[in-house]
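Good morning, and thank you for coming. I shall present one structure today and discuss its loops, its ligands and its core.

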Amino acid sequence: MQERGQHSNRSRASKDNFGVRSCGECTLCCKIPRIEDIPKPSWSYCMHCKVGVGCGIYHKGRPEVCVDFTCNWLIDKNIPDNLRPDKIHMYAHGGKGDAVVKIMIDDDHPNAINSDAGACLIEGYRSMGNHVIVVTKDIIRFLCGHGREKPAKLDLDWTL
Ligand code: SF4
Ligand code: SF4
């Protein structure tokens with residue numbers, strides 16, 4: 001899976017503060033998406049990832065697509081601390097204005113979508129009127145934002 005702007009993490013390895021938070025031990029976005037610039041397939045860790053630690057090439061020219069990516073938890077203080085992506089096995093991306101929020105579920109934890117934390121994240125966005133797309137390894141679900149009309153068509157800037 002490739003998402004434009006995917007995968008950066010200015011604080012991942014250095015633990016310096018970028019935006020609101022630091023990634024800490026989370027490396028989930030080094031696993032789920034396909035990243036052509038490395039290259040890496042979706043649903044498997046990047047060859048440079050030190051799982052639970054950070055990016056092994058953080059200071060050695062990681063791809064721009066990694067530099068530019070931030071999940072929503074990293075930059076949105078309205079998302080509770082305890083919803084850090086590695087702890088709830090999913091991360092949210094996008095959703096400014098009327099855009100669709102994408103929620104990517106760790107394939108090792110497919111039932112995370114049914115967890116209290118998952119419901120909190122997903123319903124939190126829907127209650128704000130965001131449409132939500134929940135992506136698991138096998139299924140993509142579209143969930144309409146509360147109070148919104150279901151769109152006839154969605155233009156997405158990523159492909160599976
Ligand atoms: S999913 Fe978010 S918190 Fe986790 S490593 Fe990626 S940017 Fe950091
Ligand atoms: S290059 Fe670094 S930041 Fe990019 S996916 Fe690999 S481990 Fe993660």
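In which loop is the place of proline 39? Proline 39 sits in the loop between strand E1 (2-3) and strand E2 (49-50). Please keep in mind that this is a predicted model. The peptide bond that joins isoleucine 38 and proline 39 is cis, with omega at about -5 degrees.

Tryptophan 43 is also found in the loop between E1 and E2. Its phi is near 65 degrees, a positive value in a residue other than glycine. Is tryptophan 43 buried or partly exposed? Tryptophan 43 counts as partly exposed because it has 16 C-beta neighbours inside 10 Å, and a buried residue would need 20 or more.

Histidine 89 lies in the loop between helix H3 (85-88) and E4, and its phi is positive, near 65 degrees. Histidine 89 has 21 C-beta neighbours inside 10 Å and therefore counts as buried.

Let us turn to the ligands. Around ligand 1 there are 13 residues, of which Cys23, Cys26, Cys29, Cys71 and Pro85 come nearest. Around ligand 2 there are 13 residues, and the nearest are Cys30, Cys46, Cys49, Cys55 and Cys66. The shell of ligand 2 comprises 9 nonpolar, 3 polar and 1 charged residues.

In soluble globular proteins, nonpolar side chains tend to be buried together. Here the largest nonpolar core has 31 residues, and those touching the most other members include Cys29, Met90 and Ile103. Strand E5 (101-105) is among the elements that give two or more residues to this core, and E5 gives the most, with 4 residues. Beyond its close sequence neighbours, methionine 90 is in contact with residues including Pro85, Ile103 and Leu121.

Definitions and conventions: Residues numbered from 1 in each chain as written. Chains lettered and ligands numbered in written order. Predicted model: local features only at pLDDT ≥ 70, side-chain atom pairs only at ≥ 80, totals over all residues. Near = placed C-beta within 6 Å. Core = buried A, V, L, I, M, F, W, Y, C linked by C-beta atoms within 7 Å. Buried ≥ 20, exposed ≤ 12 C-beta atoms within 10 Å, placed from the backbone. Contact = placed C-beta atoms within 7 Å. Nonpolar A, V, L, I, M, F, W, Y, C, P; charged D, E, K, R; others polar. Lists of a residue's contacts leave out its neighbours within four places in sequence.
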